[in-house]
Amino acid sequence: MEALLYKKLNDGKIQCQNCAHYCVISSGKRGICGVRENQNGKLYSLVYGKAIAINIDPIEKKPFYHFLPNSYSLSVATVGCNFKCASCQNYDISQLTGSIKGQEISSKEIVELALKNKLPSISYTYTEPAIFSEYALDTMKLAKKKGIKNCWVSNGFWSKELFDLISPYLDAVNIDLKSFEDDFYIKYCGGRLEPVLDNLKRLKKKKIWVEITTLIIPTLNDSEKIFRNIANFIKNELGPETPWHITKFCGAISWRLQNLSDTPVKTLKKAYQIGKKTGLKYVHIGNVPELDTE
Ligand code: SF4
Ligand code: SF4
């Protein structure tokens, strides 16, 4: 399917305007995500209609703790991602490009599946929904008509153009705020911090329900200063009612950080205390069953 957001440049090159990378792509090449290709001066999404995963999950697994609680959500993903997080736990599909894999399923069939299973929401998740935005958007439009809510679980590294396109159909987002340092985003994710913060502010302005997740990785983003900066940003820019999920990192299931140990419980508790002390109403520790603060 032809991509929705791009512009033509000289010499057959195009600029993709779908995410904050704004890749300039020569004819025959793909962008950073590996799933958008310049074919003779036109940009195509290679993942449209090709789901690599379709599951029914508890909405708390996304995680959403304050949006349709105790319900199930139809979760959909394609291959590909615009980030390359060393900590990625879904790298088997997020970094799987080359020859594009996936089950052919139309947006209409996805919505019918949600209706058949009486699911009140569809979650665009596991990889990065921005990179399958055309597929997600068509599904979201049909879902909205049927009264089904649309939830994105995302890194938030979208272009402003993408925000404008999807926000009328979005009901809830869980955005990974992976650190509060640009260096971390550059070195460990292949992204940048500022576009994520800009989109969070836009989401808030549009009154879309926002929850934030931070995976705490020992030695990389586990300082008290980072916890304080994230908590202050959430409180001041998004509001104290915005939930903050602090989750435990497990090196063994990460893409490229097997050398790091798991997050100590005392670090998670420290982040929790800082969140609460800053004035956040809802701080949740994730991946530690005995500390689940739901
Ligand atoms: S979606 Fe982002 S990473 Fe992919 S081609 Fe477009 S600008 Fe590049
Ligand atoms: S953690 Fe998320 S944003 Fe990062 S590479 Fe994996 S799917 Fe992409």
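Trainee: What classes of residue make up the shell around ligand 2?
Mentor: By class that shell has 5 nonpolar, 4 polar and 1 charged residues. Ala, Val, Leu, Ile, Met, Phe, Trp, Tyr, Cys and Pro count as nonpolar, Asp, Glu, Lys and Arg as charged, and the others, Gly among them, as polar. This is a predicted model, where local features need pLDDT of at least 70, side-chain atom pairs count only at pLDDT 80 or more, and totals for chains, interfaces and linings use all residues. Residues are numbered from 1 along each chain as its sequence is written, chains are lettered from A and ligands numbered from 1 in the order in which they are written, and side-chain values use heavy atoms, with hydrogens and water left out.

Trainee: Which residues surround ligand 2?
Mentor: The shell consists of Cys81, Phe83, Cys85, Cys88, Ser94, Gln95, Tyr126, Thr127, Asn155 and Lys178. To be near, a residue needs a heavy atom within 4 Å of the molecule.

Trainee: Where does ligand 2 sit?
Mentor: Ligand 2 takes up space in the largest pocket. Sitting there requires more than half of the ligand's atoms to lie within 2 Å of the grid points. On a 1 Å grid over the protein atoms alone, a pocket is an open set with protein on both sides within 12 Å along at least five of seven lines, a cavity is a set of points where a 1.4 Å probe fits but cannot get out, and lining residues have an atom within 4 Å of a point.

Trainee: How many residues line the largest pocket?
Mentor: The lining has 40 residues, and Lys62, Gln89, Asn90, Val153 and Asp176 lie nearest the centre. Strands E11, E12, E13 (209-216), E14 (244-248) and E15 each give two or more residues to that lining. By class the lining divides into 14 nonpolar, 18 polar and 8 charged residues. The space in the largest pocket is about 1,000 Å³, where a volume is the space filled by probe spheres set on points joined across faces, edges and corners.

Trainee: Those strands, what sheet are they in, and in what order?
Mentor: An open sheet of 8 strands, ordered E7-E8-E10-E11-E12-E13-E14-E15, with mixed pairing. Its edge strands are E7 (53-58) and E15 (283-286), each pairing on one side only. Strands are DSSP runs (E, at least two residues) numbered from the N terminus, and two of them pair if DSSP finds at least two bridges between them.

Trainee: In what sense do E11 and E12 pair, parallel or antiparallel?
Mentor: Parallel: E11 (149-154) and E12 (172-176) share 4 bridges. Trp152 has Val173 in E12 as its bridge partner.

Trainee: Back to Lys62. Is the peptide bond from there to Pro63 cis or trans?
Mentor: It is cis, with omega near 0°. Pro63 is in the loop between E7 and E8 (72-77). Asn70 is also placed in the loop between E7 and E8, and Asn70 has a positive phi of about 65° although it is not a glycine.

Trainee: Why point those out?
Mentor: Because most residues other than glycine have a negative phi, and most peptide bonds are trans.

Trainee: And where is ligand 1?
Mentor: Ligand 1 sits in the largest cavity. A search of the whole structure finds 1 cavity of 30 Å³ or more, and the largest cavity has a volume of about 100 Å³. Of the 13 residues lining the cavity, Cys16, Cys19, Cys23, Cys33 and Arg36 lie nearest its centre.

Trainee: What is around ligand 1 itself?
Mentor: Among its surrounding residues are Cys16, Asn18, His21, Tyr22 and Asn82. By class that shell has 7 nonpolar, 4 polar and 1 charged residues.

Trainee: Which strands form the other open sheet, the one with antiparallel pairing?
Mentor: 3 strands, in the order E1-E2-E3. The edges are E1 (6-8) and E3 (24-25). E2 (14-16) pairs with E3 over 2 bridges, and Ile14 stands opposite Ile25 in E3.
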